[in-house]
Amino acid sequence: MAAPGENLRINPDRLWDSLMEMAKIGPGIAGGNNRQTLTDADGEGRHLFKRWCDAAGLKTGIDKMGTMFARREGTDPDALPVYVGSHLDTQPTGGKYDGVLGVLGGLEVIRTLNDLGIKTKHPIVVTNWTNEEGARFAPAMLASGVFAGVHTLDYAYLRTDPDGKIFGDELKRIGWVGDEEVGARKMHAYFEYHIEQGPILEAENKQIGVVTHGQGLWWLEFTLTGKEAHTGSTPMNMRVNAGLAMARIFEMVQKVAMDNQPGAVGGVGQVKFSPNSRNVLPGTVVFTVDIRSPEQAKLDRMRAAVEAEAPRIAKELGVGCSVEAVGHFDPVTFDPTLVARVRAAAEKLGYSHMNIISGAGHDACWTARVAPSTMVMCPCVDGLSHNEAEDISKEWAAAGCDVLFHAVAETAEIVE
Ligand SMILES: [Zn+2]
């Protein structure tokens, strides 16, 4: 297996210019992007990407989920392709780099191979997965989920957005329904380059995150039932206060996560207070506890603790408590051989690096079910993402792409 010479680098200016060019499509209101999946802007972004792929001599296939696969041929017709990709769709108030860096980074890998006249044994396929974000059509990572057999195509086609528009109709409307069966492609390996979306690499002053695991998660939806009552005229000893039970449960979730350090997080991002009136004690409170860990045993232990403690806390206050699991991902262990190759590439190129766990979900978490997969991460300013102010430097983008280039080229096996 041949690896590229250590002096070889991608073209930082070309990568950066492509990122800036793509960011002009579907501009946000505060300097970022609103290029949500299956909107006209998404269609326009796809056309731009396709034009770049055509210019690089790639042949683009599209599957029935609208996922784009741009292929550079290898020298061995029987060798399975190495895939490299991410997503071009964004949050409604998204940044310029979340996902886009992975797709255009993959394209830059190919442009660099073309510049250098390097042939590989395995084909290389740059991929743009449809609807990674899940902001318009839940759930997130929808197309890669169908690809990996997690969801059926029918399930995906019937997802609706907040306006009642249907995924399958919208995919047709923007003209990107392909003819390929979803998941028919077999992968030699899958690489995804992504901004960290957290503050660790910047705080540790590292250029490269070597991603070893993806976190598993549980979303536990609690419904607390108290008694609606006047906040002024109800004596303290006669209250059945669902809001107070909620507050105590939040403290408990914090403690469970702290008791399981390191490698565990827990919190609440969504609360519905009912009736949500200034002078009424809530009769009902519904909230979702989000707990995550890269270790299955720890994740299960945390769930058990939260589910045992919450009813006990509620009961002390006379509050009713029920719980339903409304979301789950298993933790992901990325392929050790590919992880080691990413680390070795960073080392060889002289870039500072550290192991990191992906705190967010990514398409690579689904492809890991059907192919050896891993990720490369670069820092982002203040760990900010899913925010129009999301920012990275050209140097960070280039360093991660250099590592991607070396790891992908080695896996695709350079032909001497
Ligand atoms: Zn992303």
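Me: Where is Ser277 found, and why does Ser277 count as partly exposed?

Reply: Ser277 sits in the loop between β9 and β10; helices (H or I, at least four residues) and strands (E, at least two) are DSSP runs, numbered from the N terminus. Its relative accessibility is 33%. Buried means under 20% relative accessible area, exposed over 50%, and partly exposed in between (1.4 Å probe, protein chains only), so Ser277 at 33% is partly exposed.

The model is predicted: local features need pLDDT of at least 70 and side-chain atom pairs count only at pLDDT 80 or more, while totals for chains, interfaces and linings use all residues. Residues are numbered from 1 along each chain as its sequence is written, and side-chain values use heavy atoms, with hydrogens and water left out.

Me: What makes Ser293 buried, and which residues is Ser293 in contact with?

Reply: Ser293, in strand β11 (residues 284-293), has a relative accessibility of 0% and therefore counts as buried. Contact means heavy atoms within 4.5 Å. Setting aside neighbours within four places in sequence, Ser293 meets Gln215, Gly216, Gly263, Ala264, Lys298, Leu299 and Pro331. Trp218 is 75 residues from Ser293 along the chain, and the two C-alpha atoms are separated by 9.3 Å.

Me: Why is α1 called roughly antiparallel to α2?

Reply: Two packed helices are described by the angle between their axes and the distance between the axes. The axes are lines fitted to C-alpha atoms, for helices over the stretch in contact, and angles run from 0 to 180 degrees between N-to-C directions. Helix α1 (residues 12-23) and helix α2 (residues 40-55) have axes that cross at roughly 150° and come within 10 Å. Angles under 35 degrees count as roughly parallel, over 145 as roughly antiparallel, 65 to 115 as roughly perpendicular and the rest as oblique. The pair is therefore roughly antiparallel.

Me: Which residues in α1 and α2 meet, and how do they divide into nonpolar, polar and charged?

Reply: Ser18, Glu21 and Met22 of α1 meet Gly45, Leu48, Phe49 and Trp52 of α2. These contact residues comprise four nonpolar, two polar and one charged. In this division Ala, Val, Leu, Ile, Met, Phe, Trp, Tyr, Cys and Pro count as nonpolar, Asp, Glu, Lys and Arg as charged, and the others, Gly among them, as polar.

Me: What makes a set of residues a nonpolar core, and which members of the largest one touch the most other members?

Reply: The set must consist of buried Ala, Val, Leu, Ile, Met, Phe, Trp, Tyr and Cys residues joined through side-chain atoms within 4.5 Å. The largest such core has 93 residues, of which Met22, Phe49, Leu104, Phe191 and Val403 touch the most other members. Helix α12 (residues 394-412) contributes most to this core, with 11 residues. Beyond four places in sequence, Val403 is in contact with Ile208, Val342, Ala345, Ala346, Leu349, Tyr351 and Val376. A second, separate core holds 24 residues, including Met246, Ile249, Val306 and Ala310.

Me: How many disulfides does a search of the whole structure find, and how do you know that Cys365 is in no disulfide?

Reply: The search finds zero. A disulfide is a pair of cysteine sulfur atoms within 2.5 Å. For Cys365 the nearest cysteine sulfur belongs to Cys380 and is 16 Å away. Cys365 is buried, given its relative accessibility of 10%. Cys401 is likewise in no disulfide: the sulfur of Cys378, the nearest, lies at 9.9 Å. Cys401 has a relative accessible area of 0%, so it is buried.

Me: What is the phi of Leu38, and what is that of Asp382?

Reply: Most residues other than glycine have a negative phi, and most peptide bonds are trans. Leu38 has a positive phi near 65° and lies in the loop between α1 and α2. Asp382, also not a glycine, has a positive phi of about 55°, and its loop runs between β15 (373-378) and α12. Leu38 is buried at 0% relative accessible area, whereas Asp382 is exposed at 61% relative accessibility.

Me: Which peptide bond to Pro262 is cis, and which cis bond involves Pro275?

Reply: The bond from Gln261 to Pro262 is cis, with omega near -10°. The bond joining Ser274 and Pro275 is cis, with omega about 5°. Pro262 belongs to the loop between α8 (242-259) and β9 (265-274), and Pro275 to the loop between β9 and β10 (280-281).
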